[in-house]
Amino acid sequence: MGLLLSGAAWTAERININTADAAALEQGLTNVGPVKAQAIVTYRRQHGPFLRVEDLTRVKGIGTATVERNRQRMTVGTRQAPTAAPSRQDVPAPVPRR
């Protein structure tokens with residue numbers, strides 16, 4: 001029974017594909033070995049964060065089957081709310097035209 005509960009707790013932990021290192025990706029995702037894990041990290045460094053889990057298919061060697069198999073294990077993290085608009089004094093005054 002204890003093993004079942006610890007397994008359930010483990011699956012609740014999702015891997016953030018935008019922050020995880022290659023070792024965490026390799027260990028936490030099914031059918032992702034060291035080469036694919038490093039490809040994910042390299043792609044993320046070159047192209048920026050993934051907006052959706054499905055964007056992982058843009059990485060060479062990662063297909064829709066891999067994404068679907070790991071969907072419940074992955075997250076792209078929480079999206080930040082836009083920051084407040086700058087105050088009037090922070091906005092530069094327009095330059096008059098001649």
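Residues are classed by relative accessible area: buried means under 20%, exposed over 50%, and partly exposed in between, with a 1.4 Å probe and protein chains only. The model is predicted, so local features need pLDDT of at least 70, side-chain atom pairs count only at pLDDT 80 or more, and totals for chains, interfaces and linings use all residues. Numbering starts from 1 along each chain as its sequence is written, and side-chain values use heavy atoms, with hydrogens and water left out.

The chain has four helices and two strands. Helices (H or I, at least four residues) and strands (E, at least two) are DSSP runs, numbered from the N terminus. Their order from the N terminus is α-β-α-α-α-β. Of the 98 residues in the chain, 27% are buried. The accessible surface (Shrake-Rupley method, 1.4 Å probe) comes to about 7600 Å². Carbon and sulfur atoms account for 56% of this surface. Contact means heavy atoms within 4.5 Å. Among contacts between residues at least 6 apart in sequence, 48% join residues at least 24 apart.

A nonpolar core is a set of buried Ala, Val, Leu, Ile, Met, Phe, Trp, Tyr and Cys residues joined through side-chain atoms within 4.5 Å. The largest such core has 19 residues. Those with the most contacts inside it are I17, L25, I40, F50, L56, V59 and M74. Helices α2 (22–28) and α3 (34–47) are the elements that give two or more residues to this core. The most come from α3, with four residues. Beyond its neighbours within four places in sequence, L56 is in contact with I17, I40, F50, I62, V67 and M74.

T66 lies in helix α4 (residues 64–70). T66 is buried, at 9% relative accessible area. Leaving aside neighbours within four places in sequence, T66 contacts T30, V32 and K36.

Four salt bridges are present. A salt bridge is a side-chain nitrogen of Lys or Arg within 4 Å of a carboxyl oxygen of Asp or Glu. R71 and E54 form one of them, at 2.7 Å from N to O. This pair links distant parts of the chain, 17 residues apart. R71 sits in the loop between α4 and β2 (74–75), and E54 in the loop between α3 and α4. Both are partly exposed, R71 at 23% and E54 at 30%. R71 also meets E68 in a salt bridge (2.5 Å, N to O). E68 is partly exposed, at 48%.

D55 pairs with R58, their closest N and O atoms being 3.8 Å apart. D55 is buried at 6%, whereas R58 is exposed at 56%. Salt bridges with shared partners join R52, D55 and R58 into one network.
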